[in-house]
Amino acid sequence: MRALRPCLADLCLRARSIGAKGATAIGEALKVNSVLTELNLRNNSLGTEGWCAIFDALRDNPQNKITKWDLYQVWRHSRVDMKIVKSLAAYMAVSHSLTAADLRHNNLNEYAEQLVRESVKGKKG
């Protein structure tokens, strides 16, 4: 009989003082992760480099199982860098598992909103 291994499906790293370097390390882990379904990184200072490392890793990992993102108010205090939005949109466009992304109350401009909408056009969720 095979023993069941516990799996970490949800990971909450909210308000853990994670910066770009930590986010890049998380991105490296996400490149090979096929178990995690939720990841909460709100209230950290990941910066453009960190967010892009995470979204690019998920985009390039066909095994990723992230189903939803809580990005509520992540970029509320400053205009989000378009590099992050492009990375997020590229990930969302190819994701087969993502069904929800809460982007409310972020400081997204019209072009950023359009880019995200276009990336999920025709998808259910």
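## Basis of the values

Because the model is predicted, local features need pLDDT of at least 70 and side-chain atom pairs count only at pLDDT 80 or more, while totals for chains, interfaces and linings use all residues. Residues are numbered from 1 along each chain as its sequence is written, and side-chain values use heavy atoms, with hydrogens and water left out.

## The nonpolar core

In soluble globular proteins, nonpolar side chains tend to be buried together. A nonpolar core is a set of buried Ala, Val, Leu, Ile, Met, Phe, Trp, Tyr and Cys residues joined through side-chain atoms within 4.5 Å. Buried means under 20% relative accessible area, exposed means over 50%, and partly exposed lies in between (1.4 Å probe, protein chains only). The largest such core here has 31 residues, and L39, L41, W51, I54, F55, W69 and Y91 have the most contacts inside it. At least two residues of this core come from each of helix 1 (20-30), helix 2 (47-60), helix 3 (82-94) and helix 4 (110-120). Helices (H or I, at least four residues) and strands (E, at least two) are DSSP runs, numbered from the N terminus.

What does W69 touch, not counting residues up to four places away in sequence? Its contacts (heavy atoms within 4.5 Å) are L39, L41, W51, I54, F55, L58, Y91, L98, A100, A101 and D102.

## Aromatic pairs

Rings of Phe, Tyr and Trp (its six-membered ring) pair if their centres lie within 6.5 Å; planes under 30 degrees apart count as stacked, over 60 as edge-to-face and the rest as tilted. The structure holds five aromatic pairs. In one of them, the rings of W51 and F55 are stacked, because their centres are 5.4 Å apart and their planes are at 20 degrees. W51 and F55 are four residues apart in helix 2, which separates them by about one helical turn. W51 is buried at 3% relative accessibility, and F55 is buried at 0%.

F55 also pairs with W69: the ring centres are 5.5 Å apart and the planes are at 75 degrees, so this pair is edge-to-face. Since F55 lies in helix 2 and W69 in strand 3 (residues 68-70), the pair ties together parts that are 14 residues apart in sequence. One aromatic cluster is formed by W51, F55, W69, W75 and Y91.

## Salt bridges

Side chains of opposite charge can pair when their charged atoms come close. A salt bridge is a side-chain nitrogen of Lys or Arg within 4 Å of a carboxyl oxygen of Asp or Glu, and the count by this rule is seven. One of them joins R59 and D56 at 3.2 Å, N to O. Both residues lie in helix 2, three residues apart, about one turn of the helix. R59 is partly exposed at 31% relative accessible area, as is D56 at 25%. D56, R59 and D60 are linked in a network of salt bridges.

Another salt bridge joins E118 and K121 at 3.9 Å, N to O. E118 is partly exposed at 47% relative accessibility, whereas K121 is exposed at 62%.

## Helix 3

The buried residues of helix 3 are M82, I84, V85, S87, L88, A89, Y91 and M92. These buried residues pack against helix 2, strand 3, strand 4 (100-102) and helix 4.
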